[in-house]
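Visitor: I would like a close look at a single part of this model, with the cut-offs stated as they come up.

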Amino acid sequence: MAAPYFQSYSVVGLLAVIGVLFVAVAFGAGRLLRPVVPTPEKLLTYECGVDPVGEGWAHTQVRYYVYAFLYVIFAVDAIFLFPWATVFAAPGYGATTLVEMFIFLGFLAVGLLYAYKKGVLEWT
């Protein structure tokens, strides 16, 4: 009974091994075939055509991360709306799924209100 079960996983394992080998062979071929001529100019740090000036640390405002985090939260929540819409259309689940979705959206609204009250959404 267990042999066909593990045989299906052996196909997945074989594909994973083939994928890893493919990447290893590609990187190995790249290392063997590329020209290696290090010069001082090639060893300089290069970004966007501008020579680096000053230290390498850059300070980033935390608000960028907060906006990105809020976007991810609401994008993931939007993904949950699609299965809800399909279940809501099914007979016998209408009222229950409607109440559950309003509870879910209520949690989102409370989180958004909390972020607004904390001043997270203000761009200064």
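How many residues does helix α3 have, and how far does α3 reach from its first C-alpha to its last?

Guide: The model is a predicted one, in which local features need pLDDT of at least 70 and side-chain atom pairs count only at pLDDT 80 or more, while totals for chains, interfaces and linings use all residues. Residues are numbered from 1 along each chain as its sequence is written, and side-chain values use heavy atoms, with hydrogens and water left out.

Helix α3 covers residues 94-117, which is 24 residues, and its span from first to last C-alpha is 34 Å. That is close to the 34 Å expected at 1.5 Å a residue, the expected span being 1.5 Å times one less than the number of residues. Helices here are DSSP runs (H or I, at least four residues; strands are E, at least two), numbered from the N terminus. After α3 comes G119, with a positive phi near 85 degrees.

T97, M101, L108 and A115 of α3 are buried; buried means under 20% relative accessible area, exposed over 50%, and partly exposed in between, with a 1.4 Å probe and protein chains only. An α-helix has 3.6 residues a turn, so residues three or four places apart point the same way. The cover over the buried residues of α3 includes α2, residues 62-89.

The axes of α2 and α3 come within 10 Å and cross at roughly 170 degrees. Axes are lines fitted to C-alpha atoms, for helices over the stretch in contact, and angles run from 0 to 180 degrees between N-to-C directions. The two helices, α2 and α3, are therefore roughly antiparallel (over 145 degrees; under 35 is roughly parallel, 65 to 115 roughly perpendicular, the rest oblique). On the α2 side the contact (heavy atoms within 4.5 Å) is made by F74, D77, F80, L81, W84, V87 and F88. From α3 come G94, T97, L98, M101, F104, L105, L108 and L112. By class, the residues of this contact between α2 and α3 are 12 nonpolar, 2 polar and 1 charged. Here Ala, Val, Leu, Ile, Met, Phe, Trp, Tyr, Cys and Pro count as nonpolar, Asp, Glu, Lys and Arg as charged, and the others, Gly among them, as polar.

The structure holds 1 aromatic pair. The ring centres of F80 and F104 are 6.1 Å apart and the planes stand at 85 degrees, so the pair is edge-to-face. For Phe, Tyr and Trp (its six-membered ring), pairing requires centres within 6.5 Å; planes under 30 degrees apart are stacked, over 60 edge-to-face, and the rest tilted. F80 is in α2 and F104 in α3, so the pair ties together parts 24 residues apart in sequence. F80 is partly exposed at 48% relative accessible area, and F104 is also partly exposed, at 24%.

Two further residues complete the view. E100 lies in α3 and is partly exposed at 48%; E100 and W84 are 16 residues apart in sequence and 9.3 Å apart in space, C-alpha to C-alpha. Y93 sits in the loop between α2 and α3 and is partly exposed at 47%.
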